[in-house]
Amino acid sequence: MDVVTFVRNLTVQIMAIAWALFLVSWVVGWAVRGSPVPIHRVKKAGQSLVEDAVMAAFWMAVGSSIFALISYLTSNLYQPLPPPPKP
Amino acid sequence: MEILLLAMDIAMLTYVIGVLILALPIPLRSVKRWGPRLIADAIAAVILASSATLILYLGNELLRVVGADWPSFYAWLSARTAALGGVFAGLTYAASFIKSTEYSYLSSPLKMAASFLATSFSALRGLYLLSSFIYIYRDKLTSIGILLYSLPFRIGKGVGAFFIAASLIMYVGMPLLPAFVSSFENVTVASGFKWNSETIRIQVVDALGNPVPYPVLNFYSENSLGKPVGIIVGDEAGRAVIGDGLDALPENFKLNVKVLFMGYIITPSPSVIKHGDSNVKLVLKSLVYSSGAALLIPWGTEIIYCNVTPGRISVDLYTDTGFTTYLTVVKGANVSAIMLDGSTLTCNFTERFWAGILMKDCMFPTPSGEHNITVEYTPSFYAKPSVNEKRITYLSSIFDIITGILTLCISFLYALVFLPGVYLAILLAMSAALARVLGGGLKLKLV
């Protein structure tokens, strides 16, 4: 197994773990937020967990699209310059 | 390209790790902060990896705009190496040659100058190495920089950005080094070294204008007539050269000359050689020479007619006062007759040894009035006298030359060590600045 394959496998595995963690975070976040504990700080922590989990899900969803877009843009950017104008 | 692909994959990994950290169910801000950071780093790394070709193209384009190119830079380096090598070889040779002469005390400053040149050589070697590395491995340096840049948790972000910046700045900057050096070099070096090499050709002739073979020229300084400052032996045709890199002459010199021939010291006309002369004919007015026999007549004697053939000298002369005529022949020339106004003279020859040559002298009185002296003999040849030559060397000119050599070597040191050093420092500072723009200074706020 070469380095590229290893890195790709690792990426896929981490992405799977990240999705799982998103679900856990989302559930835990809502659970904390909705818990019958009258402490504002705890409820706020739950709120932030839900927000972060949603942001993570968003970046995970658009990740490959962002990479593809950057590659597309830069490959279109590199065009040979036109020859200088002649008087 | 493989490195760039790997960099892309590692950037993706960094991105995913960023997302993972963001999705962690831990409500700790210090940990969570790494999430957006890593996502931003990954996006920057992907932009750089996709723009690798653009960065390389940008380098070529900048080089074209500034009007520099690598072959000219290497030609400049080669020319410098050749010049440095020439001077170094010359100095080393001069230092080893001088060691065996009476000027051995000069070998120390020459060695110092040579050590300056050796330092310049090391600097040149460093320049060759660095420039070749940049020229050959520029694209690899950029790729490795991007790979380091894309590593997770900013492990290689700083060094990666520096690699990318250095590959671009050095590639454009190195070929501009000759222009940088030449713009500063002219300020100081032009006033430095001027090798004062004057050449004076001397021809020694007798009273009739015939060349005198192997004249020994004794040069005396302007003020003293004691010890000669130079002794130079002419060639078979009476020619000699002073200066021409053989002698260390001061800028404005004036030398008195006396010619030693067959053991006689004769004052020539003119008797002074000075700065600015190029061809000097030294006439020995009291000498008539032909094929191994010399007739010496004193000053103030007028030669009316003269006929010289190998084996016979016939001179018509006029004198107000009587004088003694000296006849000197080399050992192999046997004198058959000496005639004064047609009557044969008897003359006792005495043998004399001078500078490795065996000679015979005879003298006979000549009364006042007009006379004819004829000498008949078997012609012979005059061998080169074994006289130790001593080239003219003025201490002040030696100091001038050493100062000149040292100035030249210091100018090499300045142009090949100091100026490139300063220039490389400037390039490194520029690379660090650009690296800061790529790595440290660039902050993307995504969340």
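Trainee: How are helix 5 of chain B and helix 6 of chain B oriented to each other, roughly parallel or roughly antiparallel?

Mentor: This is a predicted model, in which local features need pLDDT of at least 70, side-chain atom pairs count only at pLDDT 80 or more, and totals for chains, interfaces and linings use all residues. Residues are numbered from 1 along each chain as its sequence is written, chains are lettered from A and ligands numbered from 1 in the order in which they are written, and side-chain values use heavy atoms, with hydrogens and water left out. The axes of helix 5 (residues 70-99) and helix 6 (residues 107-150) of chain B come within 9 Å and cross at roughly 160 degrees, axes being lines fitted to C-alpha atoms over the stretch in contact, with angles from 0 to 180 degrees between N-to-C directions. Since angles under 35 degrees count as roughly parallel, over 145 as roughly antiparallel, 65 to 115 as roughly perpendicular and the rest as oblique, helix 5 of chain B and helix 6 of chain B are therefore roughly antiparallel.

Trainee: How do helix 1 of chain A and helix 1 of chain B lie to each other, roughly parallel or roughly antiparallel?

Mentor: Helix 1 of chain A and helix 1 of chain B pack with their axes 9 Å apart and at an angle of about 15 degrees. By class, their contact has 18 nonpolar, 2 polar and 2 charged residues, where Ala, Val, Leu, Ile, Met, Phe, Trp, Tyr, Cys and Pro count as nonpolar, Asp, Glu, Lys and Arg as charged, and the others, Gly among them, as polar. From the angle, the two helices are therefore roughly parallel.

Trainee: Against which elements do the buried residues of helix 1 of chain A pack?

Mentor: The buried residues (under 20% relative accessible area, with over 50% exposed and partly exposed in between, for a 1.4 Å probe and protein chains only) include A:Val7, A:Ile14, A:Leu21 and A:Phe22. With contact meaning heavy atoms within 4.5 Å, these buried residues pack against helix 2 (40-77) of chain A together with helix 1 (2-23) of chain B.

Trainee: Which residues is A:Asp52 in contact with, leaving aside its neighbours within four places in sequence?

Mentor: A:Asp52 lies in helix 2 of chain A, and its relative accessible area of 10% makes it buried. Leaving aside those sequence neighbours, A:Asp52 is in contact with B:Leu22, B:Arg29 and B:Lys32.

Trainee: What distance separates the C-alpha atoms of B:Gly59 and B:Leu168?

Mentor: B:Gly59 is found in helix 4 (residues 52-66) of chain B, and at 0% relative accessibility B:Gly59 counts as buried. Beyond its neighbours within four places in sequence, B:Gly59 is in contact with B:Arg138, B:Leu168, B:Tyr171 and B:Val172. Although B:Gly59 and B:Leu168 are 109 residues apart along the chain, their C-alpha atoms are separated by 5.8 Å.

Trainee: Where is B:Pro270 placed in chain B?

Mentor: The peptide bond from B:Ser269 to B:Pro270 is cis, with omega near 0 degrees. Taking helices (H or I, at least four residues) and strands (E, at least two) as DSSP runs numbered from the N terminus, the place of B:Pro270 is in the loop between strand 6 (264-266) and strand 7 (272-274) of chain B.
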